[in-house]
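This report goes through the fold, the salt bridges, the cavity and the surface of one protein. The model comes first.

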Amino acid sequence: MFKFFRKYNKWLLVIGGTMLMIVFLLPAGGNFFQPSARTQPIGTLDGRKITFADQARAVGELNALKLLGRRASGTEGLLTGLSGIPDDPLAWMLALHEAEKLGLSASELESRNVLGSLGIDDAAMAQLAAAGGATPDTFVHVIRRWLMVQRYRELMLGLSHLSPTERIERIAGIIQFVSQFGQQIPNLDGIIQMQLMAAQGSPRFSEPLAQHMIANSLSQAQVALVAVPASRHEAAVQNQPLDPALVQALFETYREALPGQGLP
């Protein structure tokens with residue numbers, strides 16, 4: 001055995017040194033052979049894998065909506081929570097998926113009209129894109145998807161239709177109202193909730209709903225009760241003796257009569 005080591009000692013040193021280099025370099029270079037974390041699945045949606053990259057993309061779209069809301073009204077939630085859009089990446093992905101399944105869509109012209117109602121033109125989009133590390137087309141694309149989710153909410157929740165511009169103007173008006181008079185009005189939270197419900201769209205009043213309301217209304221009755229003390233008639237009842245013969249005669253008379261056919 002020692003003769004073998006003496007004969008091939010140089011080869012053994014080269015092989016051993018190479019293996020040591022690989023072992024020392026493996027923690028730094030091992031990730032090269034591993035799959036990217038962005039492609040790792042976190043769930044499935046209608047049989048399609050949802051990855052961390054999809055979740056990161058949804059987070060980026062929600063952040064873009066918050067950036068637009070902050071630029072338009074100073075409030076991040078103008079286009080997310082306040083307008084009924086879920087401020088959660090997975091919920092946002094699910095809503096978009098369902099909207100696409102229903103064939104809902106929005107055009108670039110509609111998207112630009114919404115951006116115009118927010119007071120955001122091409123120059124403003126360029127500034128936001130430079131600050132957020134995106135492109136102006138990113139905001140147009142995100143607003144298109146926002147419109148799709150808004151239309152999906154109207155269909156699923158049975159809400160009356162509001163144009164996106166009108167909805168945004170109502171919510172922006174609520175924000176302005178709170179900033180100006182928030183310190184002067186008691187029970188402000190209740191007022192804000194009612195105004196937000198109106199801004200997000202009120203439920204439609206359908207014909208079946210009207211029929212149910214009328215049926216429920218007609219099926220109700222008002223009853224008034226009067227308590228009569230039993231002592232008022234106690235003497236009259238006690239003064240009437242019970243005749244066994246009379247009871248037997250009544251029994252024989254009505255024993256064959258069906259319920260409701262006898263005399264009182």
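## Basis and fold

Helices (H or I, at least four residues) and strands (E, at least two) are DSSP runs, numbered from the N terminus. This is a predicted model: local features need pLDDT of at least 70, side-chain atom pairs count only at pLDDT 80 or more, and totals for chains, interfaces and linings use all residues. Residues are numbered from 1 along each chain as its sequence is written, and side-chain values use heavy atoms, without hydrogens and water.

The protein chain has 12 helices and two strands. Their order from the N terminus is α-α-β-β-α-α-α-α-α-α-α-α-α-α. Of its 264 residues, 26% count as buried (under 20% relative accessible area; exposed is over 50%, partly exposed in between; 1.4 Å probe, protein chains only).

## Salt bridges

The structure holds nine salt bridges (a side-chain nitrogen of Lys or Arg within 4 Å of a carboxyl oxygen of Asp or Glu). Arg57 and Asp54 form one at 2.9 Å, N to O. Both lie in helix α3 (residues 52-73), three residues apart, about one turn of the helix. Asp54 is buried at 14% relative accessibility; Arg57 is partly exposed at 48%. A network of salt bridges links Arg48, Asp54 and Arg57.

Glu110 and Arg151 pair at 2.7 Å, N to O. This pair links distant parts of the chain: Glu110 is in helix α5 (residues 108-117), Arg151 in helix α7, 41 residues apart. Asp122 and Arg112 meet at 3.2 Å, N to O. Here helix α6 supplies Asp122 and helix α5 supplies Arg112, 10 residues apart. Asp122 is exposed, at 53%.

## Cavity

The count is one cavity of 30 Å³ or more. On a 1 Å grid over the protein atoms alone, a cavity is a set of points where a 1.4 Å probe fits but cannot get out; lining residues have an atom within 4 Å of a point. Points are joined across faces, edges and corners, and a volume is the space filled by probe spheres set on them.

The largest cavity has a volume of about 40 Å³. Its lining includes Leu147, Arg151, His161 and Arg167. Helix α7 gives the most, with four residues.

## Surface

Leu102, Leu155, Met156 and Leu157 make a nonpolar surface patch of about 400 Å². Patch residues have over 30% relative accessible area and no salt bridge, with nonpolar side chains (Val, Leu, Ile, Met, Phe, Trp, Tyr) joined within 5 Å. Areas come from the Shrake-Rupley method with a 1.4 Å probe. Leu157 lies in helix α7 (residues 136-157) and is exposed at 51%.

Technical notes:
Patch = residues over 30% accessible without salt bridge, like charges linked within 9 Å, V, L, I, M, F, W, Y side chains within 5 Å. 1 Å grid on protein atoms, 1.4 Å probe; cavity = no way out; pocket = protein on both sides within 12 Å on 5 of 7 lines; lining within 4 Å.
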